[in-house]
Amino acid sequence: MTTIQRIWRLRSTLLRLRATRCLDCGYVSFPPKAACPKCGSRNVVREELPKEGKVLTYTVLNVPIKGFEDQAPLIVALIKLGDARVLAQLTDVKPEDMEIGMEVVATVRRTAPTLDGVVPYVVKFRPKEAEQRITLTASSTSTNPASSSKTNKASESGQTP
Amino acid sequence: MKSVYIVGVGMTRVGKHTHLSLRDLASEAVLKAIDDAGGEKPQAIVVGNMLSSLVEQENLAALIADHSGLRGISGFKTESACSSGGSALVAGYSLVASGLFDKVLVVGVEKLHERPTPDTTRGLAYAADADYELIYGISFAGLNALVMRYYMDRYGISREEMAWWPVMMHENGYYNPFAQLRKKITLDEVINSPVIADPIRLYDSCPLSDGAAAVMLTSEKFKSINDSPIKISGVGDAVDSPDLSSRFELDRLYASRLSAERAFKMAKKEAKQVDIAEIHDAYSIIAAITLEEIGFAEKGTAPKLWAEGRFRKGDRPVINPSGGLKSRGHPVGATGVYQAAEIAMQLRGDFPGMQVNGDIGLSQNVGGVGSNVITLIYTR
Ligand SMILES: [Zn+2]
């Protein structure tokens with residue numbers, strides 16, 4: 001279990017997904033590094049990564065490590081965001097619906113408590129498709145005020161925000 | 001630089017040793033290695049270990065030397081996750097090659113069966129990046145699973161092809177009296193074993209192990225202590241990122257390739273000359289990628305080759321006649337030293353399990369998901 005100090009130190013990197021870009025060779029690294037992993041240059045700058053990307057690979061943990069037991073089955077993926085990759089938890093998706101290439105967007109969610117008992121927030125990713133469905137439901141409601149049955153159906157299935 | 005020889009080996013059986021402490025295991029291996037070296041005592045001891053904090057013990061060089069009747073010699077511990085034993089060998093090699101000492105004992109020891117499994121599993125995950133991986137609850141198996149799914153998808157490897165590796169390892173390890181899991185298994189048992197971190201199943205993974213292994217290293221001056229001294233003719237060591245996300249490529253292990261290249265260059269040998277090798281198959285996917293990085297298989301083909309029956313006894317090279325990490329077991333900080341002891345015995349012709357005839361051996365010990373890799377080349 002992590003400490004609140006760690007979460008606090010990493011807050012801007014973790015929540016805004018700030019990588020380092022090398023100004024000499026262009027290599028983008030997340031996690032950020034003090035010097036470029038590719039060419040060794042210290043001429044690196046912080047750069048915020050895009051918040052949408054694609055799943056490169058994923059795993060489903062029936063037994064996450066100690067401290068995360070409540071989150072099983074835990075889906076963790078490597079996600080391609082622009083020129084970098086980020087490791088993160090997936091949310092709002094069932095293990096059987098996961099696939100390589102799935103489009104995902106960042107969202108901020110609670111994670112396991114720290115040793116000090118604080119519940120930190122971190123970036124997780126959810127399928128982009130789910131967001132599109134929400135947008136569609138919302139727009140169909142506004143452009144089609146008469147079709148209230150549609151809206152009801154959506155809220156029953158838990159798709160409305 | 002002076003030449004360095006292995007003149008004595010010792011090891012405990014790998015397994016769950018509730019009745020043996022860390023010092024019991026380590027001193028058993030140390031004393032066996034000293035006996036095998038004709039009773040010659042070392043001037044220094046180097047200890048490979050990752051997680052002795054699980055048994056609330058650090059300061060291992062002093063503990064083990066003192067318990068083994070070696071009070072007063074020099075010593076220290078090395079740590080590089082699962083390749084801590086390999087790092088101990090590099091350090092021990094350097095102490096002899098530099099001329100600082102003529103006789104150095106390298107011992108690897110690990111005791112994982114002391115605490116409840118969740119504590120041990122969490123401890124093993126300390127090999128990952130604590131800031132950017134561990135905080136998301138992913139286990140070490142989970143990190144390997146990410147690489148396995150990516151590799152299988154990219155190269156069109158089937159579940160059955162991957163599963164042939166543990167079947168082969170358990171066949172080899174069946175004959176090894178020091179192995180933890182001495183039982184043959186079928187393809188169906190692998191494919192239907194419980195999921196640990198999808199797509200990794202139980203038999204795609206090594207077991208949790210206790211164990212210790214030791215080798216006595218000497219300079220040319222003392223090599224005749226043993227009738228069959230084995231020369232360490234190549235040493236290669238390289239690091240990569242502990243985190244997977246900033247890797248150059250997800251289906252390659254950069255440090256495995258670099259360490260093998262360095263060892264081959266130093267030994268003036270090539271992959272095709274190797275008769276026998278012990279590689280680090282903590283997970284079958286790591287076996288696949290390291291076989292390719294060392295140069296024993298083309299990129300993306302290793303599982304297809306082993307499914308066709310390659311790398312078994314009678315082929316060249318023979319890989320993991322010990323049973324590898326799957327069957328012999330993986331006492332983390334001891335594994336690299338087990339590999340060295342096994343290859344030395346193979347080249348001497350007195351390995352008590354599956355004996356392979358050959359003149360050139362190789363071992364590769366992998367820390368993390370390939371973040372620290374040591375390759376050694378051995379000649380008769
Ligand atoms: Zn650069």
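# A tour of the predicted model

Select B:G69 to begin: this glycine comes after helix 2 of chain B and has a positive phi, near 75 degrees. The model is a predicted one.

Step back to helix 2 of chain B, residues 60-67, and colour its buried residues, which are B:L60, B:A61, B:L63, B:I64 and B:A65. These buried residues pack against helix 1 (22-36), strand 2 (44-48), strand 3 (74-78) and strand 4 (103-111) of chain B.

Next, select B:E56, in the loop between strand 2 and helix 2 of chain B. Its phi is positive, near 55 degrees, although the residue is not a glycine. B:E56 is exposed, at 73% relative accessible area.

Then go to B:A81, in the loop between strand 3 and helix 3 of chain B. Here too a residue other than glycine has a positive phi, near 55 degrees. B:A81 counts as buried because its relative accessibility is 8%, and the cut-off for buried is under 20%.

Show helix 3 (residues 84-97) and helix 12 (residues 335-348) of chain B together. Their axes lie 5 Å apart and the helices pack at an angle of about 60 degrees. At the contact, B:G85, B:G86 and B:L89 of helix 3 meet B:G336, B:V337 and B:A340 of helix 12. By class, this contact has three nonpolar residues, three polar and no charged ones.

Now turn to the largest pocket, which holds about 720 Å³ of space. Its lining has 32 residues; to find the centre, select B:T121, B:I196, B:S205, B:C206 and B:L208, the lining residues nearest to it. Helix 4 (117-124), helix 5 (140-155) and strand 5 (195-198) of chain B each give at least two lining residues, and helix 4 has the largest share, with four. By class, 22 of the lining residues are nonpolar, seven polar and three charged.

Move to B:E293 in helix 9 (residues 284-294) of chain B. This glutamate is buried, with a relative accessible area of 6%. Its side chain makes a polar contact with the side chain of B:R257 at 3.3 Å. Beyond its neighbours within four places in sequence, B:E293 is in contact with B:R252, B:L253, B:S256 and B:R257.

Finish in chain A with two cis peptide bonds. One runs from A:F30 to A:P31, with omega near 5 degrees; A:P31 sits in the loop between strand 2 (28-29) and strand 3 (44-48) of chain A. Another joins A:A72 and A:P73, with omega about -10 degrees. A:P73 lies in the loop between strand 4 (52-61) and strand 5 (74-81) of chain A.

Key:
Residues numbered from 1 in each chain as written. Chains lettered and ligands numbered in written order. Predicted model: local features only at pLDDT ≥ 70, side-chain atom pairs only at ≥ 80, totals over all residues. Heavy atoms only, no water. Buried < 20%, exposed > 50% of the residue type's maximum accessible area, 1.4 Å probe, protein only. Polar contact = N/O pair within 3.5 Å; in protein donor to acceptor, adjacent residues only side chain to side chain. Contact = heavy atoms within 4.5 Å. 1 Å grid on protein atoms, 1.4 Å probe; cavity = no way out; pocket = protein on both sides within 12 Å on 5 of 7 lines; lining within 4 Å. Points joined across faces, edges and corners; volume = space filled by probe spheres on them. Nonpolar A, V, L, I, M, F, W, Y, C, P; charged D, E, K, R; others polar. Axes fitted to C-alpha atoms, helices over the stretch in contact; angles between N-to-C directions.
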